[in-house]
Amino acid sequence: MSTLPTIGHLIGGQLTQGGSRSTEVFNPATGKAEKKLLLADKLTVEQAIANAQAAFPEWRNTPPLKRARVMSKLKVLLEEHADALCALVTAEHGKVLPDAMGELQRGIENVEYASYAPELLKGEHSKNVGPAIDSWSEFQALGVTAGITPFNFPIMVPLWMWPMAVACGNTFVLKPSERDPSSTMLVAQLALEAGLPPGVLNVVNGDKEAVDTLLTDPRVKAISFVGSTPIAEYIYATGCAHGKRVQALGGAKNHAVVMPDADVPNAVNALMGAAYGSCGERCMAIPLVVAVGDATADAVIAGLKVEIAKMKVGPGTTAGMDMGPLVTKAHFEKVKGYVDQGVAEGATLVVDGRGVQVPGHEQGYFLGPCLFDNVKPGMVTYQEEIFGPVLGVVRVETLQEAMDLIDAHEYGNGTCIFTRDGEAARYFTDNILVGMVGVNVPLPVPVAYHSFGGWKRSLFGDLHAYGPDAARFYTKRKTITQRWPSAGVREGTMFSFPSSK
Ligand code: NAD
């Protein structure tokens, strides 16, 4: 019998149990199971959907400003509980505490933006579109909406979704990652404390059974997904086949181009954080450097070697650490396998992090930073998303060659160019087939009042996540045309199609 604390679900404003299956949540720094997580069955998810459905009519008719005030209150509560929230993230995800703080802050900014929903919900009005006829468009809530989120940002990515959805008058069922659900649950409880009525936000923990119920239940009108590309593609196809509006954000393999004129020390510093921050478990991480010219590649590698030697790897709770463990043992084995494969494929392993030891944490999932030179497009380590602390350098001769590589890659989430040449930067940003582009900015993650999304197989759907696109994703446009004929005026019959001619 497991004596671990049990995490259930949050349905109708109550913490509940549900589902006969369970899994364990581990601390990746120790390798120990710390919590038992109940996996919702179909019935439990249906209860969550029913609660969301019941809460919808009243919430939809709540004045937008009152809904927005809940977001303003939630922002304050998130700030007040920052330490507790980040401790939960680090205990289950492994990222170092300052990185968890960064994630929380980005999440809070999305809550802040959602509190502007009344402004975004303002419609469009045209007077006298015909004789005494006025017309306007308004943006109405969809009903029950749902979100399915990945492990790597357990606070931020859910906050990309449900705050704007509920601020627009929808109700929501969230299915977080089963690897690190505790911080997500605490945020949902804080939302209740902020005044969100029971049933407006429900959280079901679970796996494929829970997700499939959300994808097929006709009461769910829209699904937002963030996770790996194979699952994103499945979510998009299945959700669309069941008549839902779907946005499904997938994986990535982001390239950073370093031009011969770049400020190499600054580029190296930027690349260090982008490649190894959060152990490379970010969809906007930089796992590939495309160096233009051998001299550039040699200088970048020399700089990276110096900086990597200074890196501190250890538990995310210990002050001064740069990088914590990978999220699970299975993921650790997978990433280590990619490093083995890179060696077998003929890339040059310049820094090998496979043997790293963290005293007192021998069972933790620690992998040191790894650096490859001579990575080539045909290699698996070039093509596939590794999602670990593995950076590869690809050598090319020209900017065009670098851009052709990026454009040919299946993913198009993020990219950046390091250069001092404005013309090259402008050509790059104008033409590259990638959704989010940085110039001397390694992680060009849009701020909360822009929207986030990749191109190609990094996003299935039309509208991007959060920002202005989210207000459109979570509402449908209705256009009303109105005329009030004067009393006593008889109007003739008209058989031709009405027009302004
Ligand atoms: P994942 O695809 O394994 O899981 C994401 C969600 O899908 C989880 O809630 C999980 O329970 C659910 N899921 C997993 N398998 C499923 C199945 N067979 N059927 C239905 N649901 C299933 O992703 P992850 O490992 O949690 O997260 C890492 C991935 O997320 C990486 O590929 C990363 O690039 C991507 N990601 C993308 C973005 C983005 O904005 N594009 C942001 C963060 C993470």
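Visitor: Which domains supply the lining of the largest pocket?
Guide: At least three lining residues come from each of domain 1 (6-250 + 458-480) and domain 2 (255-439), with bounds taken from an automatic or database domain assignment. The model is predicted: local features need pLDDT of at least 70, side-chain atom pairs 80 or more, whereas totals for chains, interfaces and linings use all residues. Residues are numbered from 1 along each chain, and side-chain values use heavy atoms, without hydrogens or water.

Visitor: What makes Phe151 a lining residue of this pocket?
Guide: A pocket is an open set of points on a 1 Å grid, where a 1.4 Å probe fits, with protein on both sides within 12 Å along at least five of seven lines; a lining residue has an atom within 4 Å of a point. Phe151 is one of 39 residues that line the pocket, and is among those nearest its centre, with Arg179, Gly227, Ser228 and Ile231.

Visitor: Which helix gives the most to that lining?
Guide: H9 does, with five residues; this helix spans 229-241, a DSSP run of H or I with at least four residues.

Visitor: Which residues does Leu196 contact beyond four places in sequence?
Guide: With heavy atoms within 4.5 Å as the criterion, they are Trp59, Val70, Met71, Trp162, Val166, Ala191 and Leu201.

Conventions
Helix = DSSP H or I, 4+ residues; strand = E, 2+ residues; numbered from the N terminus.
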